[in-house]
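Dear colleague,

Please find below the structure that I am handing over to you, followed by a summary of what was found in it.

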Amino acid sequence: MKILLIEDEPELRKSIKQYLHQEGYVVESAADFIKASEKAGVYDYDCVLVDITLPKGSGLDIVKQLKDNGSKAGIIIISARNSSSDKIKGLDLGADDYLAKPFDLAELNSRIKALIRRRNFDGNKSIVVNEITIIPEQRQVSVKGETVMLTAKEYDLLMFFISNKNRVVSKNTIAEHLWGDDSDQMDSHDFIYVHLRNLRKKLMDKGCADYVQTIYGIGYNFKVE
Amino acid sequence: MKLISKTLIYYLLVSLPLLVVAGLLSYFLIKAELRDGTDETLLSEKVNAEKLIRSLKTSNTIYLSSDSLSNIKLSSGSLLNPDFNDTLIFDQEENENIGARMLKSHYTFNGNIYQITLVKSTMDEEELLEGILATFTLVIGFLIVSFVIVNWLLSKTLWKPFYSTLLQLNKYEIKNHEHHHFNPENTIEFNQLNDALNKMMDKIYSDFIQQKEFTENASHEMQTPLAVVKANLSLLMQSPNLKEDEMNRLQTIENTIKKLSSLNKALILLSKIENNQFNESDTISIKAIVSRITDNFAEVIQSKNINLDLNLSEDILVKMNPTLAEILITNILQNAIRHNNDNGKITIESKGNQLIISNTGMPLSIPEEQLFMRFKKNDASKESLGLGLAIVKSICKSNNINIGYSFQNSLHTFTLNF
């Protein structure tokens with residue numbers, strides 16, 4: 001899986017690269033518009049992460065260039081400007097997703113996975129983690145062949161865990177993933193706990209192992225050996 | 001006081017005494033002149049009387065007029081210089097005393113001293129004087145009236161550019177700056193005024209733009225460093241063998257970054273609202289928005305065991321930006337939940353064009369008039385940024401929605417007048 005990361009801030013580039021590298025992706029990066037445009041023109045990528053404000057040009061032009069060249073890469077815009085007009089412009093040009101800074105690496109990871117899943121339509125339609133099988137298109141979850149009925153929030157939570165399996169994800173990150181901007185309100189951590197408790201119970205009722213480890217003080221780790 | 005009234009008053013203050021003095025002066029001058037005329041006539045009559053004495057050589061009294069006031073008679077007195085006097089005579093026709101001028105003189109002829117008394121009524125002169133005075137008053141009156149008219153016409157024409165500049169200044173709104181321009185005038189002073197105003201307004205506008213761009217850019221610029229911290233924090237969290245104490249610190253850092261980032265987002269939102277960057281509008285159903293948001297908050301409302309009473313039988317349709325409408329109601333509702341008691345109550349009802357949201361809760365710990373100010377918050381709520389209601393106020397202001405707050409019977413009530 002090859003990813004092109006276009007981001008001018010070196011520290012951010014380094015961190016994203018490291019995180020995605022651990023996920024098993026091959027990550028190439030470009031720090032300005034010209035280099036980005038060259039790389040995007042020459043190589044094929046599965047996914048392109050592009051910042052809008054770049055030295056020497058706009059990330060939106062890279063999106064346009066990719067689309068004009070008929071690239072099949074999934075495109076995620078990462079921008080410091082959380083403006084709806086930039087977002088609409090980017091999506092209109094053919095970008096698949098839009099993530100406003102500061103985002104969490106786990107969130108970025110889950111967006112990339114979702115995007116790649118949608119792209120590989122004809123490939124594998126289900127995600128299998130040991131005894132858990134998920135068919136994302138139908139939002140269907142089964143354990144050892146038996147269907148588990150999950151609420152929307154429980155399903156989202158499970159998908160987020162599986163996208164970031166074997167990683168510590170903080171409660172804040174989970175809250176932001178599940179509730180978006182509304183997560184700012186009060187005791188979202190308590191709600192995560194409620195949803196998680198129900199999810200665990202439903203999975204374990206069907207004979208699933210308990211993969212969710214509580215990391216004291218921070219969050220959870222969906223640990224799959 | 002209007003400029004025209006002031007000018008008029010100053011003009012009258014100066015001109016009225018002048019006119020009165022001029023009137024009095026001319027009255028006395030004319031009067032003196034007329035008296036001189038009468039005296040001349042009397043003197044020439046005196047010469048005639050002397051001629052008469054010489055020709056008649058009379059020793060009897062001669063009456064020179066029908067009223068027998070003017071006469072010549074023999075006098076035993078000494079020679080006196082001719083003497084003029086003002087006197088009153090009785091006019092039988094008019095049956096009243098009238099003013100008259102009398103000349104007494106003596107004439108010696110053939111050893112006899114004759115006393116010549118000549119009386120001439122000054123009634124005609126007085127009438128003439130009255131006529132002149134009346135004319136004079138009329139002229140003054142006419143002058144004042146014509147001054148008022150001329151002044152009014154002048155202020156209509158000469159001051160017209162000034163009043164149009166004033167009107168434009170009153171209507172000035174910074175968001176319509178491009179449409180405001182003070183046109184050149186052919187009066188030098190007004191032209192200078194308009195020039196100066198144009199320069200000043202442009203300066204203010206460019207400062208304003210810079211200021212607002214600064215707020216927005218500064219907030220945006222902060223997002224990238226925050227992203228760097230957040231990303232590194234995520235990586236740090238993955239390190240194995242973190243001690244409990246270290247994890248707690250990581251959590252604190254993460255919470256702080258989250259707060260900083262929310263603060264930043266809220267400030268950007270505020271500056272965007274104030275800069276009118278949400279300009280697309282649509283017809284919005286308030287009912288739909290309220291039910292969507294209450295659904296979003298269902299879990300929280302349930303967990304606090306809050307009794308939500310929705311009474312939206314009449315929908316309110318508003319033309320405004322959908323995002324802003326959503327933020328507006330979210331913020332008020334979020335507030336109503338956050339500052340509610342456990343087992344409290346929230347009521348949302350619509351009345352005509354009014355949306356009324358009330359909730360139970362402790363009385364405000366800040367003065368009511370600071371409720372909508374930035375960074376003013378009830379100290380009890382650490383979660384709050386203190387910007388939610390500032391954003392609400394800002395949205396209301398930019399969309400001409402009237403918002404009111406009251407606290408009665410331990411119920412906080414927000415009333416939105418769409």
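This is a predicted model: local features need pLDDT of at least 70, side-chain atom pairs count only at pLDDT 80 or more; totals for chains, interfaces and linings use all residues.

**Salt bridges within the chains**

With a relative accessibility of 45%, Asp245(B) counts as partly exposed. The side chain of Asp245(B) forms a salt bridge with that of Arg249(B), at 3.5 Å from N to O. Both residues belong to helix α5 of chain B, where they stand 4 residues apart, about one turn of the helix. Arg249(B) is exposed, its relative accessible area being 53%.

A second pair in chain B has a related arrangement. Lys46(B) and Glu50(B) meet through their side chains in a salt bridge of 3.9 Å, N to O. These two residues are 4 residues apart in helix α1 (residues 3–56) of chain B, so about one helical turn separates them. Lys46(B) counts as buried at 14% relative accessibility, and Glu50(B) is buried as well, with a relative accessible area of 13%.

In chain A, Glu154(A) and Lys202(A) form a salt bridge whose closest N and O atoms are 2.7 Å apart. Glu154(A) lies in helix α6 of chain A and Lys202(A) in helix α8 of chain A, so this pair ties together parts that are 48 residues apart in sequence. Glu154(A) is buried, with a relative accessible area of 2%, whereas Lys202(A) is partly exposed at 27% relative accessibility. Over all chains, the structure holds 22 salt bridges.

**The contact between chain A and chain B**

Chain A contributes 36 residues to the contact and chain B contributes 37 residues. Between them the two chains bury about 3,500 Å², of which 53% is on carbon and sulfur atoms. The count of salt bridges between chain A and chain B is 1: the side chain of Glu176(A) meets that of Lys230(B) at 3.7 Å, N to O. There are also 10 residue pairs in polar contact between the two chains, both residues being at pLDDT 80 or more.

On the side of chain A that touches chain B, at least two residues each come from α1 (10–22), β12 (168–170), α7 (171–179) and α8 (188–205) of chain A. The largest share, 5 residues, is supplied by α1(A). By class, this side of chain A has 13 nonpolar, 12 polar and 11 charged residues.

**Helix α8 of chain B**

Helix α8 (residues 322–338) of chain B has 17 residues, which at 1.5 Å a residue should span 24 Å; its end C-alpha atoms are 24 Å apart, so the two values agree. This helix, α8(B), is mostly covered, 14 of its 17 residues being buried. Its N-terminal end is capped by Asn321(B), a side-chain oxygen of which lies 2.9 Å from the backbone nitrogen of Thr323(B).

**Backbone features in loops**

Lys101(A) and Pro102(A) are joined by a cis peptide bond, with omega at about -5°. Pro102(A) is found in the loop between β7 (97–100) and α5 (105–119) of chain A.

Asn166(A), a residue other than glycine, has a positive phi near 60°. Asn166(A) lies in the loop between α6 (152–163) and β12 of chain A and is partly exposed, with a relative accessible area of 39%. In chain B, Asn241(B) likewise has a positive phi, of about 60°, although it is not a glycine. Asn241(B) lies in the loop between α4 (188–237) and α5 (244–274) of chain B, and is exposed at a relative accessible area of 74%.

Yours sincerely

Terms used:
Residues are numbered from 1 along each chain as its sequence is written. Chains are lettered from A and ligands numbered from 1 in the order in which they are written. Side-chain values use heavy atoms; hydrogens and water are left out. Contact means heavy atoms within 4.5 Å. Buried area is the accessible area (1.4 Å probe) that two parts lose on being put together, summed over both. A salt bridge is a side-chain nitrogen of Lys or Arg within 4 Å of a carboxyl oxygen of Asp or Glu. A polar contact is a pair of N or O atoms within 3.5 Å; within protein, one must be able to donate a hydrogen and the other to accept it, and residues adjacent in sequence count only if both atoms are side-chain atoms. Ala, Val, Leu, Ile, Met, Phe, Trp, Tyr, Cys and Pro count as nonpolar, Asp, Glu, Lys and Arg as charged, and the others, Gly among them, as polar. The expected span of a helix is 1.5 Å times one less than its number of residues. Buried means under 20% relative accessible area, exposed over 50%, partly exposed in between (1.4 Å probe, protein chains only).
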